[in-house]
Each structure stands twice: as C-alpha cells, then as structure tokens.
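Subject: Model for your review

Hello,

Here is the structure for you to look over. My notes follow it.

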Amino acid sequence: MVRHIGQQNGDLEVKCFPGIRTEEVRRKIERQQAQEVVIDVGTNNIRRQLDYITGHMYDLATAATTTFPKARIVIIGIFRRRDVPWWRIGSINATFHWVTYTALVTFAAPNPAYPTDPLCATEFL
C-alpha cells in the first residue's frame, strides 16, 4: 500500500485497514464522505471460492456507489504474488473487472496481461 507521507493537501485523507476483509471494509465506509474513493484490494480472501470473493466484492462496490453517489470510485485489482498461481490472480481480477463494470465503478488492473519480467517468466509456463 502506498501512502501519502508528508502530504500538504489538507483535503486528502488516506485510511488504511490492513488485515480486514471485504465485508468489514463495507461496514467501515458506510459512515464516510468522499469525492474520490480508491479501494486497493488485498489478498486476505484469496483462498476462498471465487463465488464468495465475487459476491463480497460486488457488495463492496455497490455499497461504495450508494455511500458516495457523486464520487469517482476506483477498485485496484490484486497484484501477482509468488505464492499464488498466476491464473488464480488473473481469474479473480477478471471477476473484479466484471463486478466493477456491473456496479459502474472503475477497475485498475495492476498486472500486465503477459509476463514482461524475465525473472518471473517461469511462473507463466
């Protein structure tokens, strides 16, 4: 998570909730106000079934659009990890892309579509 350290703009507020899951984030944002919301998805739920992850991400996206009806909402997908197969991250991010399209929010894909780093290329074979 990149945080604004030493940010001079007084209207920016960064809230970080490490270790919480999607359903807990939904409860945290219900009492907030914002013009822009960026949700950086972590990997706490990554071992669960894809239907479970999709349902909770959809609930989070729709809660964000309901809570912040005039805000620009961006959901950043999951970054590749060496301990999780690349296809698992790809299928979760593809599902998140569908969820964001359905909920009318923006999806930002953090990973390239193909391996560009020669040190990581063996993960894709």
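The model is predicted, and local features need pLDDT of at least 70, side-chain atom pairs count only at pLDDT 80 or more, and totals for chains, interfaces and linings use all residues. Residues are numbered from 1 along each chain as its sequence is written, and side-chain values use heavy atoms, with hydrogens and water left out.

Salt bridges. A salt bridge here is a side-chain nitrogen of Lys or Arg within 4 Å of a carboxyl oxygen of Asp or Glu. The count is 2 salt bridges. One pairs Arg 47 with Asp 83, with the closest N and O atoms 3.8 Å apart. Arg 47 lies in the loop between β1 (36-40) and α2 (50-67) and Asp 83 in the loop between β2 (72-76) and α3, so this pair ties together parts that are 36 residues apart in sequence. Helices (H or I, at least four residues) and strands (E, at least two) are DSSP runs, numbered from the N terminus. Asp 83 also forms a salt bridge with Arg 81, where the closest N and O atoms are 2.4 Å apart. Through shared partners, Arg 47, Arg 81 and Asp 83 join into one network.

For accessibility, buried means under 20% relative accessible area, exposed over 50%, and partly exposed in between (1.4 Å probe, protein chains only). Arg 47 is exposed at 60%, Asp 83 is partly exposed at 46%, and Arg 81 is partly exposed at 26%.

Rings. The charged end of Arg 48 sits over the ring of Tyr 52, 4.3 Å from its centre. The criterion is NZ of Lys or CZ of Arg within 6 Å of the ring centre and within 35 degrees of the ring normal.

Backbone. Leu 104 is not a glycine, yet has a positive phi of about 60 degrees. Leu 104 is in the loop between α3 (86-103) and β3 (106-108) and is exposed, with a relative accessible area of 75%.

Helix packing. Helix α1 (residues 22-29) and α2 pack at an angle of about 10 degrees, their axes 9 Å apart. That makes α1 roughly parallel to α2, a label for angles under 35 degrees. Axes are lines fitted to C-alpha atoms, for helices over the stretch in contact, and angles run from 0 to 180 degrees between N-to-C directions. With contact meaning heavy atoms within 4.5 Å, the α1 side includes Val 25 and Ile 29, and the α2 side includes Tyr 52 and Leu 60.

Regards

Key. Angles under 35 degrees count as roughly parallel, over 145 as roughly antiparallel, 65 to 115 as roughly perpendicular and the rest as oblique.
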